[in-house]
Amino acid sequence: MSTPGEPESVRVERLRDAEAKAAALFDEIERRGLVRPGVGERALSDEIRDLAADMFGVTRHWHKRVVRAGENSLLPFHADPPDRVLVDNDIAYLDLGPIFADWEADFGRTFVLGDDPAKCALRDALPRVWHGGREFFEAHPDVTGAQLYDHVVGLARDEGYRFGAPIAGHLLGEFPHKKISGDDARFYVAPGSDEPMRRTDPTGRVCHWILEIHLADTERGFGGFYEQLLDV
């Protein structure tokens, strides 16, 4: 387990390692075809839980596993919609927060079942908006969470979509980072987050951030999600 005096280079290495394991988990989810017609969101969540345990010994997730398909993919994180079964030509996203050796990962991707052009277009726009947000972050050393949020909302609009969530990211680090952050806006990429993102947290450690993009095609009734580490 980490300590406040642990070198920053070690913290960065562990965050990157946790994200690499999360990416490998998603690759295996795709390789096995787990996101498929006929499976319910909750059943798929349980399959992913078991896969993470088998691959990496994961026994904890720092936030609820989010599996959303079809119209449910329009809903933000805190919603609790009825379970929905995936169907042919569906769209679904996964938002997972596995804990690897006391280090949090937070990773999200969108899957399209079939070749529906509108769903594929939204899926493909997600990484463009994410990378546009990262470019803005890198170009503005004193950027605040509120400014980055406004920027990605604008990028979403430029792509023809509504931004589907009240936040676009948050702090990440040693489990449980929630004990550090609480619900204060300054710990999120969100309106009202007016401190520079490049700062130290209340324990004196460098803040590290997740950037998450939720796009919504409200006319057609679906959305998508893309999430990963922003600053390391």
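Asp-124, at 36% relative accessibility, counts as partly exposed, where buried means under 20% relative accessible area, exposed over 50%, and partly exposed in between, for a 1.4 Å probe and protein chains only. Its side chain meets that of Arg-123 in a salt bridge, with 3.0 Å from N to O, a salt bridge being a side-chain nitrogen of Lys or Arg within 4 Å of a carboxyl oxygen of Asp or Glu. Arg-123 is likewise partly exposed, at 28% relative accessibility.

Before I go on, please keep in mind that this is a predicted model, in which local features need pLDDT of at least 70 and side-chain atom pairs count only at pLDDT 80 or more, while totals for chains, interfaces and linings use all residues. Residues are numbered from 1 along each chain as its sequence is written, and side-chain values use heavy atoms, with hydrogens and water left out.

Let me stay with the charged pairs. Over the whole structure, the search finds 16 salt bridges, among them one between Arg-49 and Asp-50, whose closest N and O atoms are 3.0 Å apart. Arg-49 is partly exposed at 35% relative accessibility, and Asp-50 is partly exposed at 39%. Asp-90 and Arg-84 also form a salt bridge, at 2.6 Å from N to O, but here Asp-90 is buried, at 3% relative accessibility, and Arg-84 is buried too, with a relative accessible area of 14%. There is also a network of salt bridges that links Asp-184, Arg-186, Glu-195 and Arg-199.

Now to the rings. The charged end of Arg-198 sits over the ring of Phe-137, 3.9 Å from its centre, the criterion being that NZ of Lys or CZ of Arg is within 6 Å of the ring centre and within 35 degrees of the ring normal. Arg-109 lies over the face of Tyr-226, at 3.9 Å from the ring centre.

Helix 3, residues 117-139, and helix 4, residues 145-159, pack at an angle of about 145°, with their axes 9 Å apart; the axes are lines fitted to C-alpha atoms over the stretch in contact, and angles run from 0 to 180 degrees between N-to-C directions. Residues in this contact, meaning heavy atoms within 4.5 Å, include Gly-132, Gly-133, Phe-136 and Phe-137 of helix 3 and His-151, Val-152 and Leu-155 of helix 4.

Note on methods
Helices (H or I, at least four residues) and strands (E, at least two) are DSSP runs, numbered from the N terminus.
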